[in-house]
Amino acid sequence: MNNITISSMYSLEHTIAGNYLKQFTYPWEALSGISDMIIELGKTLSPDEYDNPAENIWIHKKATIFPTAFIGAPCIIGANTEVRHCAFIRGSALIGENCVVGNSVELKNVILFDNVQTPHYNYVGDSILGYKSHMGAGSITSNVKSDKTPVIIRYEKGTIETGLKKMGAMLGDNVEIGCNSVLNPGTIVCPNSNVYPLSAVRGVVPEKSIYKKDTDIISKE
């Protein structure tokens, strides 16, 4: 399980949530406290750098927000990030620097590290996306099981009970998710891995892998 810890999945210098995440061993343990963390962190941000257009919303002065985007509290949006037409940020969203939140994208209870791209028709909920991760057009995180029971993470040596009824996906640094893929509840994609388009992913995708289907995961050469 060492390969799915926060320290092995993420470069914490690429998010202002680094100190918060250091408290935990596994990334899904951080999900329940994202909202409170954003509120406390937001209070420390410099008004010279961040606008505070509404209670518990902080937007960097160098961010670009399209007028049709909805931004719910609590939320922090970093420098040089672009929030595009009809994006729906429901709240509890920490969005790093140099990110793209694209047209009709919905975010809820998430941490997006710096340089993350969710550019077209993505749903990302109860998830953490690592540095330079990218979700192809139409790819989504499914965060609730159909039977509404707590999410279980399945990996090669067994299972992990998270105790969470809502958990999307944990994407490590430099992960590429192909277009129109579904990341089922409890999916973990380790750093520097790729997922083919139209995939339905569950469980753990190892580091430096290419996921073609659940019976065909190969190591990158």
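Is Phe113 buried or exposed? In this predicted model, Phe113 is buried, with a relative accessible area of 0%, and the ring of this residue takes part in one of the four aromatic pairs that a search of the whole structure finds. Its partner is Tyr10, and the two rings are stacked, with 5.0 Å from centre to centre and 20° between the planes. Tyr10 lies in the loop between helix H1 (6-9) and helix H2 (18-21), whereas Phe113 lies in the loop between strand E9 (106-112) and strand E10 (117-120), so the pair ties together parts that are 103 residues apart in sequence. Tyr10 also counts as buried, at 5% relative accessibility, because the cut-off for this class is under 20%.

A further stacked pair is formed by Tyr26 and Trp28, whose ring centres are 4.9 Å apart and whose planes stand at 10°; both of these residues are buried.

Backbone geometry was examined in the loops as well. A cis peptide bond, with omega of about -5°, joins Ala73 and Pro74, and Pro74 is found in the loop between strand E4 (70-71) and strand E5 (75-77). Asn98, which is not a glycine, has a positive phi near 60°; this residue is located in the loop between strand E7 (88-95) and strand E8 (100-103) and is partly exposed, with a relative accessible area of 34%. Lys208, likewise not a glycine, has a positive phi of about 55°. Lys208 belongs to the loop between strand E22 (204-205) and strand E23 (209-213), and at 48% relative accessibility it counts as partly exposed.

Definitions and conventions. Residues numbered from 1 in each chain as written. Predicted model: local features only at pLDDT ≥ 70, side-chain atom pairs only at ≥ 80, totals over all residues. Heavy atoms only, no water. Phe/Tyr/Trp six-rings, centres within 6.5 Å; stacked < 30°, edge-to-face > 60°. Helix = DSSP H or I, 4+ residues; strand = E, 2+ residues; numbered from the N terminus. Buried < 20%, exposed > 50% of the residue type's maximum accessible area, 1.4 Å probe, protein only.
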